[in-house]
Amino acid sequence: MRTLVVAALLLVLPSGAARAQVFLASEPHPEFAVGPLFVVANVRPDLGEVIINLSLSLTARPGRRAADIRQPLYLLWPAEVTASTAAGPADPALAAELEAHGFSVVSAGRLALRGRDRMQLGTSALGDLVDPPASYANFIRRGQTAGQVGAGAYVKIPWTPRLADPLSIITLTFPLRGLVTPKPATWVEELFWGRRYILSVAFGDLGSLALPVYPLYFVHRNRVVPLAREFSLIIANFADSDHLKIEEIAPAAASRRPSRVRAGAEIVALGIAPSEGITPQALKVQFSYFAGRVNWRPVVVSGLLLLVSNFAGVVFLSRDTIRTLLKRRRARRRQVRRAHHEPSKGAPE
């Protein structure tokens with residue numbers, strides 16, 4: 001019961017912009033699906049920007065050929081891409097489309113695309129560069145600022161035959177801001193356990209309606225690309241597992257294990273179920289990092305509390321003991337005075 005309650009709390013805890021993507025086709029009612037799909041979030045001990053490795057392939061619907069796809073793929077993400085990973089300016093058509101729909105572009109750039117074959121899956125190799133690179137644009141609603149409600153990212157993945165190659169996969173790597181947020185806690189909890197954090201990574205989550213992503217999705221909702229019936233995963237990759245404490249994972253179907261590829265890393269993985277429409281599927285991890293060989297904070301705080309309580313107990317006990325002794329001493333003095341002034345029995349009057 002405790003596990004279920006904590007898991008339910010994790011699902012409703014605020015997690016900033018820690019959400020994930022929706023894929024859009026170039027044309028309405030796409031005849032293909034995304035799959036397999038691997039969303040890998042790499043978390044470092046400094047809790048800076050989270051590096052996302054997004055690996056995907058396209059699968060044609062029954063009766064269709066892979067060559068029939070031949071169109072760019074678009075990605076909506078309710079978070080801000082913080083840096084370019086490829087040189088050169090972004091595709092100007094991306095900013096033009098956003099501005100035509102009433103949005104303002106705050107930054108833009110290019111993202112490196114890499115291709116790797118099936119034998120490189122599950123390894124640290126990201127593959128060879130694919131040309132041309134992807135383009136991205138961070139956008140907000142016109143008249144607002146990114147600091148008020150946050151920005152969204154609109155990414156254009158150009159067509160390449162490797163997208164539909166059943167023996168290869170395309171990987172897009174980019175840094176995102178706001179995927180790790182502090183867990184709300186009282187000062188007592190933070191004193192005892194330290195600051196704890198929540199990582200939330202999802203598929204098919206548009207985030208808050210206040211973000212600019214939903215209005216753009218609403219315009220292009222007939223272009224949403226579903227998830228294929230392929231083996232797909234959401235993965236949280238935590239570095240420096242020797243100083244990592246994972247407290248809760250939701251949902252319970254997620255698995256946790258040491259990484260077999262990166263030394264000293266911990267992996268939490270969740271399988272993504274196929275869906276025809278947008279069905280948010282989220283992985284939430286509550287964790288913290290500590291310094292030293294072991295997490296000394298609970299031990300030290302517990303020791304200090306025990307020492308203070310024992311000292312206070314000695315003080316209060318000493319006060320009570322002294323008060324009791326003084327009462328007994330005064331009582332004995334009164335008895336002595338009374339015995340000194342009273343006449344002895346049988347003495348003449």
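Biologist: Is Arg70 buried or exposed?
Modeller: The model is predicted: local features need pLDDT of at least 70, side-chain atom pairs count only at pLDDT 80 or more, and totals for chains, interfaces and linings use all residues. Residues are numbered from 1 along each chain as its sequence is written, and side-chain values use heavy atoms, with hydrogens and water left out. Buried means under 20% relative accessible area, exposed over 50%, and partly exposed in between (1.4 Å probe, protein chains only). With a relative accessible area of 58%, Arg70 is exposed.

Biologist: What is the phi of Arg70?
Modeller: Arg70 lies in the loop between strand E3 (50-60) and strand E4 (73-77); strands are DSSP runs of at least two residues, numbered from the N terminus. Although Arg70 is not a glycine, its phi is positive, at about 30 degrees.

Biologist: What is the relative accessible area of Asp240?
Modeller: Asp240 sits in the loop between strand E12 (233-238) and E13, with a positive phi of about 55 degrees although it is not a glycine. Asp240 is partly exposed, its relative accessible area being 31%.

Biologist: Which strand holds Pro132?
Modeller: The peptide bond from Asp131 to Pro132 is cis, with omega near 0 degrees. Pro132 falls within residues 128-141, which form strand E7.

Conventions
Helices (H or I, at least four residues) and strands (E, at least two) are DSSP runs, numbered from the N terminus.
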